[in-house]
Amino acid sequence: MREVTFAIFSDISRKKKVEVVNDSILIVDQIRSSEANRSTAIRALVGDDVLRQKIRSYILTNSGEASDAETIFHDAIVAFVKTVFTKKEFRLTTHLHGYLLGVARNLWMNELRRKKKNHTVSIDHASTSAGDTDTIALLLKGERGKILKMVLDVMRKKCKEVLMHWASGFKMVEIAEKLGYKNAGVAKKKKSECMKELYGYLRENPHIKERIRPQ
Amino acid sequence: MDYYDQIEAYLSESLSASDKAAFERAMDEDAGLKQAVADHGVAMDIVGGILEDEIRQVIQHEEERHKGQESSADGNRTEPSTKSNTLRWMRWAAAAVVVLALGWWGQTEYTLRQQKVRMNIALTLYSKPSSDGVRGNEDLKDLEEKAIKAFNLNRYEEARVLFTELGNNEEHKGLSSFYLGHISFLENDYEESIKHLNLSKRSGYRVDEANQILVFNYFILRMDSEILELQNETENLIIPLLD
């Protein structure tokens with residue numbers, strides 16, 4: 001029986017409540033279970049000021065600015081949730097904050113390399129367990145991201161759900177169970193229909209193809 | 001296996017060797033299929049973005065909610081008293097201006113409405129009994145009766161249609177124009193009313209009454225010189241005055 005401890009405290013200066021999820025197992029389950037629970041987990045992470053402050057401190061002491069800190073904080077949450085959702089074998093073996101700080105450090109190092117800055121970055125090997133996290137292609141950024149988002153906004157919610165699960169490696173049986181389809185066959189049919197719709201949309205809008213995946 | 005399933009199977013390398021070779025031959029022969037295979041990559045990029053889009057939307061929404069809470073917290077702090085007094089005064093002043101403007105507009109509208117009611121009463125009193133004996137066939141007579149009945153029952157839309165139809169007959173043009181002019185006046189289409197009434201006058205149909213309605217139209221449109229002209233044409237015209 002897992003024990004879950006929730007610490008709820010009020011931030012007196014900002015007058016808001018923040019829910020801190022101390023149980024790593026619970027948050028992983030939340031992310032995998034349903035869209036609603038996933039949203040709850042994401043909101044808890046966004047509202048975790050302690051985590052935000054840790055990442056911010058790291059970025060600011062390593063040639064970053066406040067805006068960089070906010071970006072990396074968000075990107076770390078995105079990367080974490082995607083990893084949990086798409087990799088069924090993933091297990092969180094350290095404290096959540098430690099893991100996310102490791103993700104943020106990897107992301108920031110990649111960003112610094114990208115910007116070609118020369119500086120020394122201290123890495124606390126003991127606290128990072130982000131070995132699972134490779135360079136994560138964060139798709140929804142920049143101009144390409146805007147185009148992608150535009151296409152996603154056009155897609156029906158049901159299609160997005162089934163395609164998202166399929167792209168994340170879920171089997172049709174699992175998709176059927178999670179999304180309430182009668183059986184794997186129905187889920188597969190739904191997925192095919194949705195892909196056809198997407199192909200059709202791309203055929204009608206060839207300029208979008210060129211901008212998402214330049215030739 | 002359908003078209004798209006084949007593409008996916010090919011790209012995920014789950015086709016048998018012979019099926020794969022057949023598929024590649026088909027691609028060489030069919031430019032459309034080749035394009036579809038290329039499009040699949042784009043489609044997979046899009047599908048791959050669904051999860052990330054969902055996560056970022058939640059993050060964005062949550063950050064906006066936090067910022068909203070921070071702004072309202074900041075707003076609760078006390079402002080310097082002189083600044084708040086000035087703002088309060090300006091708000092009251094703006095409210096007063098709005099109330100006055102509404103009052104003026106309302107009064108103007110009410111006055112105009114009052115005038116129109118009096119005009120209608122005057123028209124009723126002024127109008128001589130109609131002697132619209134129509135000589136013609138029974139259908140036209142029926143049509144005329146229906147149209148006048150609809151008008152008297154304030155069913156103006158119906159009356160308009162019937163009078164328009166009646167106006168297609170040359171003999172009834174004057175009558176039709178007169179009633180259409182009266183209906184237009186009642187429906188606040190003053191310029192249309194003037195047009196119809198002038199037509200009816202040319203036919204010589206109920207000229208004095210047409211002039212009376214014209215006076216009312218000219219009064220509302222502030223066409224004073226036209227009113228003076230009509231006074232020369234018709235005696236005992238009722239000229240409305242503002243109270």
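Helix axes here are lines fitted to C-alpha atoms over the stretch in contact, and angles run from 0 to 180 degrees between N-to-C directions. With that in hand, helix 8 (residues 190–202) of chain B and helix 9 (residues 207–220) of chain B pack at about 155 degrees, their axes 9 Å apart. This is a predicted model, in which local features need pLDDT of at least 70 and side-chain atom pairs count only at pLDDT 80 or more, while totals for chains, interfaces and linings use all residues. Residues are numbered from 1 along each chain as its sequence is written, chains are lettered from A and ligands numbered from 1 in the order in which they are written, and side-chain values use heavy atoms, leaving out hydrogens and water.

**The two chains at a glance**

- Chain A has 10 helices and two strands; helices (H or I, at least four residues) and strands (E, at least two) are DSSP runs, numbered from the N terminus.
- Along the sequence, the pattern of chain A is β-β-α-α-α-α-α-α-α-α-α-α.
- Chain B has 10 helices and zero strands, giving the pattern α-α-α-α-α-α-α-α-α-α.
- Of the 215 residues in chain A, 47% are buried; buried means under 20% relative accessible area, exposed over 50%, and partly exposed in between (1.4 Å probe, protein chains only).
- In chain B, buried residues make up 39% of 243.
- Chain A exposes about 11700 Å², with carbon and sulfur atoms supplying 53% of it; such areas come from the Shrake-Rupley method with a 1.4 Å probe, and for residues only the protein chains shown count as cover.
- For chain B, the accessible surface is about 15100 Å², and 54% of it belongs to carbon and sulfur atoms.
- Among contacts in chain A with a separation of 6 or more, 59% come from residues 24 or more positions apart; contact means heavy atoms within 4.5 Å.
- In chain B, 53% of the contacts between residues at least 6 apart in sequence join residues at least 24 apart.

**Helices 8 and 9 of chain B**

- Their angle makes helix 8 of chain B and helix 9 of chain B roughly antiparallel; angles under 35 degrees count as roughly parallel, over 145 as roughly antiparallel, 65 to 115 as roughly perpendicular and the rest as oblique.
- From helix 8 of chain B, residues including Ile194(B) and Leu197(B) meet a set in helix 9 of chain B that includes Ala210(B), Ile213(B) and Leu214(B).
- The residues of this contact between helix 8 and helix 9 of chain B divide into nine nonpolar, five polar and one charged; Ala, Val, Leu, Ile, Met, Phe, Trp, Tyr, Cys and Pro count as nonpolar, Asp, Glu, Lys and Arg as charged, and the others, Gly among them, as polar.
- Val215(B) also has its place in helix 9 of chain B, and counts as buried because its relative accessibility is 0%.
- Val215(B) and Glu229(B) are 14 residues apart in sequence and 9.8 Å apart in space, C-alpha to C-alpha.

**Helices 7 and 9 of chain A**

- Helix 7 (residues 157–167) of chain A packs against helix 9 (residues 184–204) of chain A at about 110 degrees, with axes 9 Å apart.
- Helix 7 of chain A is therefore roughly perpendicular to helix 9 of chain A.
- Among the residues that meet are Val162(A), Leu163(A) and Trp166(A) in helix 7 of chain A, and Lys190(A), Cys194(A) and Met195(A) in helix 9 of chain A.
- This contact of helix 7 with helix 9 of chain A comprises seven nonpolar, no polar and four charged residues.

**Lys20 of chain B**

- Lys20(B) lies in helix 2 (residues 17–29) of chain B and, at 36% relative accessibility, counts as partly exposed.
- Leaving aside residues up to four places away in sequence, Lys20(B) touches Tyr10(B) and Leu15(B).
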